[in-house]
Amino acid sequence: MQFIQYILPAVAAAIAIPAAGVSLEVQPGTLASLITDDMRQTETLTLSGSMDQRDFDALDLLPALRDLDLSGVEIAPYAPKRVKGMMYARYEAATLPPGALLGRHLSALTLPASLQAIGRGALAGNDFSAITIPAAVTSIDDDALYGCTSLESIHIRATVKHMGENVLTGCTALTSAIFEGESLPRGTFSGCTALESVTLSGAVREIGPDAFAACSSLKAITLPASLAAIGDKAFVLSGLETISLPASLKQVGDYAFALCPALSSASFASEATLGRGIFYYDTSLEAVDFNDGESTPEQFPDYLFAGSTRLALPRGLEGAHTIGRYALKDNASATLHLGSTLEHLDDGALEGMTSLVTVDASDLGTSVPSLGKDVFAGIEQPQVTLLVSETEPVEPWHTAEQWKEFKIMRVAGIDTPVAPEEEIQAWFSGMMLQVHASQEIKWLQVNDASGRILVRIAPGDTDTEIDMSGCDARVYIVTATTATSATTFKLTR
């Protein structure tokens, strides 16, 4: 019995029993000496006084620490002594040193109210669900909160004048953010897969490269009227469903909205310079409106709409001088209208547009655009009608390489069939579209000038009448198919 009385206290002493919580007052460089053996398993620590880089290193002596309160601390400067042949950084006052709390898995953290700067990676790899950035902070360095996978919300105040790259990258539980600065740096929210709500202040002028990359839960964002530039891949692989770009915008970087599987529409209120592949393989994209439909860019950059198979192309690509490499690759439009300013189509520009029925080049007259390599690769050109001007010579098109492979026909005016020898006619009588053929019309399709299908029917008769009063388009492309021919008309109303 006496043995048991002695052995139980010894066993209890050997078991690591966490302290309920420790409060210590420190002076720079003294924390290590204040931590006793019975404190080593504490989970909660409150510090007051003054500390420096050495004291942050001393936290290694507390491996179980989860709750750290630094609200009563002043961070002092520290300059390590030089060792021959080596240089050490100087640690500034009121600055959380680089890597100070990196990977400590803290579930709760209160920062000093006097804190002015957060060093590189200083808070990365922690487990807190919320963090308050003190109002005095003016600088947050690269990777400051990288990989804080439990963080749910963040507020970056306008008082933060410098912000590094990838500050919140990989914060996979982050659902909401408020950013009040002027420039959102590279990779700020990259990989924040739960992010749903972002508020950008009216001061934001730039969204950096990869800023919202792979933010797959981000369905909508309001871009401020102050915004001037969007960087490369800024929203790549995001969950955006629609985007409206403000009139202030001057530059959109390469692949800015590429590979966004839910993006269905986009509108530009400016004449911004466009990078390559902005909407690359956005497979849900159906409509892009440039400048309220008034004009399109002078140059359609490489890969601009490549893989955006559902997109109804802008009317006539009005104002476009060039169509870049693979810019319209795999687009599913049935009709392509080429504007009068078009000068060149680069390599593979229309590759894979296998749904093409009509290419309308009538506005170009005899100005046959130059072509790169394999512009029409994958298209059964002899089955596609190339409409050319009814008043200009056709020979330039018949002799031009690649162009000459199309079925070339003169365009018709109102009430005039494109190919009268086929004995098919189409015209408008008021709001009614009339189609007559000498044989049974097996298929009849009506597109607007952007290629959007308005009507597709199988009349099964020689005469068809369609009420078009519900359509407000000015130009219609009508394709009538009989057992022996297919004829395309361009009608205006």
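Aromatic pairs number 19 in this predicted structure, a pair being two rings of Phe, Tyr or Trp (its six-membered ring) with centres within 6.5 Å; planes under 30 degrees apart count as stacked, over 60 as edge-to-face and the rest as tilted. Local features rest on pLDDT of at least 70 and side-chain atom pairs on pLDDT 80 or more, while totals for chains, interfaces and linings take in all residues of the predicted model. Residues are numbered from 1 along each chain as its sequence is written, and side-chain values use heavy atoms, with hydrogens and water left out.

Take Tyr255 and Tyr280: their ring centres are 5.6 Å apart and the planes meet at 85°, so this pair is edge-to-face. Tyr255 sits in the loop between β16 (251-252) and β17 (265-268), and Tyr280 in the loop between β18 (273-274) and β19 (287-290), so the contact ties together parts 25 residues apart in sequence; strands here are DSSP runs of E, at least two residues, numbered from the N terminus. Tyr255 is partly exposed at 21% relative accessible area, and Tyr280 is partly exposed too, at 26% (buried is under 20%, exposed over 50%, partly exposed in between; 1.4 Å probe, protein chains only).

Phe268 and Phe279 also make an edge-to-face pair, with centres 6.2 Å apart and planes at 85°. Phe268 belongs to strand β17 and Phe279 to the loop between β18 and β19, so parts 11 residues apart in sequence are tied together. Both Phe268 and Phe279 are buried. They also belong to one aromatic cluster, whose members include Phe189, Phe257 and Phe305.

Methods:
Helix = DSSP H or I, 4+ residues; strand = E, 2+ residues; numbered from the N terminus.
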